[in-house]
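User: I'd like to learn how to read a few features of a protein model. Could you walk me through them?
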Amino acid sequence: MPELSIIFIGWFFSAISLVVLTVGGMMLMHLYKTGRLSGAYLQERGAQEIVLIAIWLVGLAAGAGVIYHHDWSQWLLEYFCWVLIVLVVLSGSTRMANLKKEVPDISRRAFFNSLLGVLMFVLPVVLFCAATIFTLRGDEAREQDRKSTRLNSSHMSESRMPSSA
């Protein structure tokens, strides 16, 4: 599997996270303006929405950290990718299980078409996250991590002396 560019990964996850956060915020604003963001909705889904926002903020921070060569960013981005893989697989599985419950007499063809639709979303996310994890564990990422650690440790903080001293 070929490694991706570290900078590309950083920009990609920063951009995608920003888009998801923006669209999610717009959807919540629409629900609020139309009166559908009620107390019942918040009770039922409020915690899930907060967790999703937090997860995408982690993705944004990790992507930006990779761009700016912060030593914490690579492990955080790998963690974000693992979380994203788990979430999309669980989401796809839940959608298929709910379809089977809601339409018990669904034809094989319709179920297969629905499964293909779910896979068309799940597989690219899982494969791109897997390629990202592979890259973050690769030689280029380790070298960049070593360089950023070396640079960070070489900048000693200078004590500030008063100018009159």
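Predicted model: local features only at pLDDT ≥ 70, side-chain atom pairs only at ≥ 80, totals over all residues.
User: Which helix gives the largest share of the lining of the largest pocket?

Analyst: Residues are numbered from 1 along each chain as its sequence is written, and side-chain values use heavy atoms, leaving out hydrogens and water. Helices are DSSP runs (H or I, at least four residues), numbered from the N terminus. A pocket is an open set of points on a 1 Å grid over the protein atoms alone, where a 1.4 Å probe fits, with protein on both sides within 12 Å along at least five of seven lines; lining residues have an atom within 4 Å of a point. Here α1 supplies the largest share, 12 residues.

User: Which residues are closest to the centre of the largest pocket?

Analyst: The space in this pocket is about 1,300 Å³, a volume filled by probe spheres set on grid points joined across faces, edges and corners. Val20, Leu52, Trp56, Arg95 and Phe121 are closest to its centre, out of 37 lining residues.

User: Where does α2 bend?

Analyst: A bend is the angle between axes fitted to the seven residues ending at a residue and the seven starting there. In α2, the bend is about 60 degrees, at arginine 45.

User: Is aspartate 139 buried or exposed?

Analyst: Buried means under 20% relative accessible area, exposed over 50%, and partly exposed in between (1.4 Å probe, protein chains only). Aspartate 139 counts as exposed because its relative accessibility is 56%. Aspartate 139 belongs to helix α5 (residues 139–154).

Technical notes. Helix = DSSP H or I, 4+ residues; strand = E, 2+ residues; numbered from the N terminus.
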